Amino acid sequence: MTRALAFLVLAVASVWPASVHAQPVAGQISFMVFGDAAERAAYERLVADFTRRHPQVQVGLVHLPGQGDYRKRLGIDFAGGTPADIVLLNYRRYAAFAAKGALEPLGPYLARSSVISAQDFYPQAMEPFHWQGALMCIPQNLSSLVVYYNRDLFERAGVPRPSDDWNWDDFLHAARTLTRDTKGSGRIDQYGLGTEVSIFRLAPFVWQNGGELVDNTQAPTRLTLDTPVAREAVQWFVELQTKHRVVPDAVEEKAESSESRFLNGRLGMFLNSRRGVPTYRTITSFDWDVAPMPRRRQRAGILHADAYCMPKATKNKPAAWAFIEFANSPDGQRSIATSGRTVPSLRALAESPAFLDPGARPRNSRAFTGEIPFIRAVPVTEGWVDVEDLAGEELARAYYGRAGVDEVIATATRRAAPFFRPSPEPARPR
């Protein structure tokens with residue numbers, strides 16, 4: 001079968017109910033998402049495309065701009081037994097709902113689908129959404145952490161653009177060169193680097209240096225930032241601010257975020273996932289692109305992935321699954337990918353011109369797909385979000401010079417310990 005014929009068959013199949021549907025789907029369902037205006041427009045297109053194929057189903061789109069408000073709304077709705085019929089959940093956050101039995105396992109639905117199959121997706125995106133051996137949600141995307149950089153600043157400073165195999169020394173050299181007092185006022189007004197201060201941003205550096213965040217990635221019982229190689233990575237990350245001063249200090253970051261500085265052309269590099277692209281595409285005052293994370297002892301990146309999940313409380317499950325199924329078909333994922341926010345979790349789509357379009361920024365979208373074989377997920381446990389929050393608070397104390405590295409590692413380890421209570425292992429599929 002030719003590629004064109006294969007896509008034609010797939011498109012025709014998505015018009016008709018899959019074999020999982022006993023009857024043509026109908027009725028009303030709700031779908032809750034978060035994101036900026038570009039993302040909202042993409043989800044509206046997705047709903048419209050689905051409705052054209054399933055005119056008997058009415059989809060109510062509930063949109064919240066901010067992630068914080070979205071997560072708060074999710075907690076309230078699940079606690080009250082009234083969640084939307086379809087919700088987006090990050091792999092770091094779905095475990096709290098899965099452990100309470102609040103999510104409908106989607107593995108059986110996927111197994112009976114004639115539209116999509118597990119083999120269509122990158123395994124790096126699928127695996128973290130298995131809980132106790134069951135596939136709970138279907139990932140719509142995956143992304144690595146990358147380095148967004150201001151091409152104009154690099155060129156003016158005579159700094160080579162990041163290569164695919166650059167290392168920590170190259171990265172630091174670029175950051176130091178781009179950190180400047182451009183006005184001669186005695187105060188730095190252009191920084192080389194900006195980043196969120198969190199264990200999630202720190203993790204790739206720990207892994208690249210040969211360390212681990214926890215003692216057992218499948219069933220963790222403690223943080224392991226106190227090992228020599230992990231501690232070395234923490235020290236290096238902290239010294240970006242305390243020693244090299246290539247990132248804003250706490251006062252300056254509070255006055256203006258690093259992302260804002262990047263948007264305004266006064267930041268050389270910014271660490272983020274694919275989700276920053278819709279915002280950065282609004283930039284008209286300078287040229288920018290992306291590069292893979294620098295390397296150390298080994299290559300490693302960190303997984304970012306969101307998935308469509310169906311709450312157990314969903315009443316119209318056939319219609320909800322029909323929507324999730326369509327949203328994860330090539331046509332459905334293409335609708336969202338046009339916003340720029342996502343790296344499709346469908347391998348064929350992520351590796352096609354639909355995503356790798358060299359005419360759209362970033363030009364080097366291969367920086368995302370090239371990292372996929374090396375990305376790792378953080379532990380999937382009920383308490384992991386709390387571990388991240390507490391460890392992040394401690395990391396910030398060292399990063400902004402309020403405490404030493406050894407002190408914050410010891411304190412983070414102690415504070416996080418209660419959230420590593422034994423819980424069922426999120427077993428991987430066989």
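**Close-up 1. The surroundings of T179 in this predicted model.** Leaving aside residues up to four places away in sequence, T179 touches I188, Q190, Y191, G192, R245 and V246. Look for T179 in the loop between α8 (168-178) and β8 (191-194). Is T179 buried or exposed? With a relative accessible area of 16%, T179 is buried, because buried means under 20%. Its side chain reaches two backbone atoms: the oxygen of A175 at 2.7 Å and the nitrogen of G192 at 2.9 Å.

**Close-up 2. Y94 and F129, an aromatic pair.** The count of aromatic pairs comes to 25, and here we visit one of them. The ring centres of Y94 and F129 are 5.3 Å apart and the planes meet at 35°, so the pair is tilted. Y94 sits in the loop between β3 (86-90) and α4 (95-99), and F129 in the loop between α6 (123-126) and β4 (130-131), so the pair ties together parts that are 35 residues apart in sequence. Both Y94 and F129 are buried.

**Close-up 3. W168 and F205, an edge-to-face pair.** Here the rings lie 5.8 Å apart, centre to centre, with 65° between the planes. W168 belongs to helix α8 and F205 to helix α9 (residues 199-208), so this pair ties together parts that are 37 residues apart in sequence. W168 is buried, and F205 is buried too. Step back from the pair to find a cluster, in which ring pairs link W166, W168, F171, F205, W236, F237, Y399 and Y400.

**Close-up 4. Two arginines over aromatic rings.** R92 lies over the face of F200, at 3.7 Å from the ring centre. In the other example, the charged end of R376 sits over the ring of W207, 4.4 Å from the centre of that ring.

**Close-up 5. The two sides of helix α3.** Helix α3 (residues 67-79) has 13 residues. From first C-alpha to last, α3 reaches 18 Å, close to the 18 Å expected at 1.5 Å a residue. Which residues of α3 are buried? They are Y70, L74, D77 and F78. These residues cover an arc of only 90° around the axis, which puts them on the same side of α3. Among the elements that cover them are β1 (27-34), β2 (57-64), β3 and α4. Turn to the other side of α3, and you will find K72, I76 and A79 exposed. Just after the helix, G81 takes a positive phi of about 75°.

Note on methods: Residues numbered from 1 in each chain as written. Predicted model: local features only at pLDDT ≥ 70, side-chain atom pairs only at ≥ 80, totals over all residues. Heavy atoms only, no water. Helix = DSSP H or I, 4+ residues; strand = E, 2+ residues; numbered from the N terminus. Buried < 20%, exposed > 50% of the residue type's maximum accessible area, 1.4 Å probe, protein only. Polar contact = N/O pair within 3.5 Å; in protein donor to acceptor, adjacent residues only side chain to side chain. Contact = heavy atoms within 4.5 Å. Phe/Tyr/Trp six-rings, centres within 6.5 Å; stacked < 30°, edge-to-face > 60°. Lys NZ or Arg CZ within 6 Å of the ring centre and 35° of its normal. Expected span 1.5 Å × (residues − 1). Arc of directions from axis to C-beta.
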